[in-house]
Amino acid sequence: MADFEWELVAALNRFFEVCEIRGVAYRLKQSRYTPQVVDLLVDSPFSRYYMAIECKSLDARKAKTLYFTQHFSIAGGVHQIERADQFIESSGRRGVLAVELRRGPGKPKTAHLVPWRRVMESFRSESPGLPVEMIEALPALERKNGSYRIEIGDLKLGEI
């Protein structure tokens, strides 16, 4: 998973540099004894790029759903999604769940950006999770030479 997080940070920072947009993405340091609110933060004076991103990597050969109980943690009696949602609300950031779907050796990985609103709708509806087919219905980030590429349209995320 850490590889996906670093790849996404690199893709976001490459996007800002190429498009000459003020912004920086960075990965939050993880601590063994303190729950991490989200994996990545993006700072920018432009609100569309001011984001909090939670990253998940899923073996799509084995799992057909990104389960809220299995793939997310609970710390201090608070679910990881609830902690992230509180942070997103209080910070004013746009929330994104970035999901990498792995399909095994020799098969291409895909990454999809799920608007936080959709994550919360599913979570609050007491759905067990986000089905892989719903995640795959969202556009995949372009992948070139083993690296993700982000285009302007990928980050518009109008639904957020």
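Asn145 is exposed, with a relative accessible area of 79%, where exposed means over 50%, buried under 20% and partly exposed in between (1.4 Å probe, protein chains only). The structure is a predicted model, in which local features need pLDDT of at least 70 and side-chain atom pairs count only at pLDDT 80 or more, while totals for chains, interfaces and linings use all residues. Residues are numbered from 1 along each chain as its sequence is written, and side-chain values use heavy atoms, with hydrogens and water left out.

**Overall fold**

- The chain contains five helices and 11 strands; helices (H or I, at least four residues) and strands (E, at least two) are DSSP runs, numbered from the N terminus.
- The radius of gyration is 15 Å, close to the 15 Å that the globule rule gives for 160 residues, so the chain is as compact as a globular protein of that length. This radius is taken over C-alpha atoms, and the rule is 2.2 Å times the number of residues to the power 0.38.
- The C-alpha trace spans about 40 × 40 × 30 Å along its principal axes.
- Of the 160 residues in the chain, 46% are buried.
- Among contacts (heavy atoms within 4.5 Å) between residues at least 6 apart in sequence, 61% join residues at least 24 apart.

**Surface and charge**

- The chain carries 24 positive and 21 negative side chains, and the centres of the two sets lie 3 Å apart. Lys and Arg count as positive and Asp and Glu as negative, whereas His and the chain ends are not counted; each charge is placed at NZ of Lys, CZ of Arg, CG of Asp or CD of Glu.

**Helix 3 and its cover**

- Within helix 3 (residues 116-124), the residues Trp116, Val119, Met120, Ser122 and Phe123 are buried.
- They cover an arc of only 165° around the axis, which places them on the same side of helix 3; the arc is that of the directions from the helix axis to the C-beta atoms.
- The cover over the buried residues of helix 3 includes strand 3 (51-59), strand 6 (78-79), helix 2, strand 7 (94-102), strand 8 (110-115) and strand 9 (129-131).

**Residues with positive phi**

- Most residues other than glycine have a negative phi.
- Glu126, which follows helix 3, has a positive phi near 65°. Glu126 lies in the loop between helix 3 and strand 9 and is exposed, with a relative accessible area of 73%.
- Asn145 is not a glycine, yet has a positive phi of about 50°. Asn145 is located in the loop between strand 10 (142-144) and strand 11 (147-149).

- Gln80 belongs to helix 2 (residues 80-91) and is buried, with a relative accessible area of 8%.
- Apart from neighbours within four places in sequence, Gln80 is in contact with Glu54, Lys56, His71, Phe72 and Ser73.
- Ile152 belongs to helix 5 (residues 152-156) and is partly exposed, with a relative accessible area of 34%.
- Not counting residues up to four places away in sequence, Ile152 touches Phe15, Cys19, Ile21 and Tyr49.
- Ile152 and Trp6 are separated by 146 residues in sequence and by 20 Å in space, C-alpha to C-alpha.
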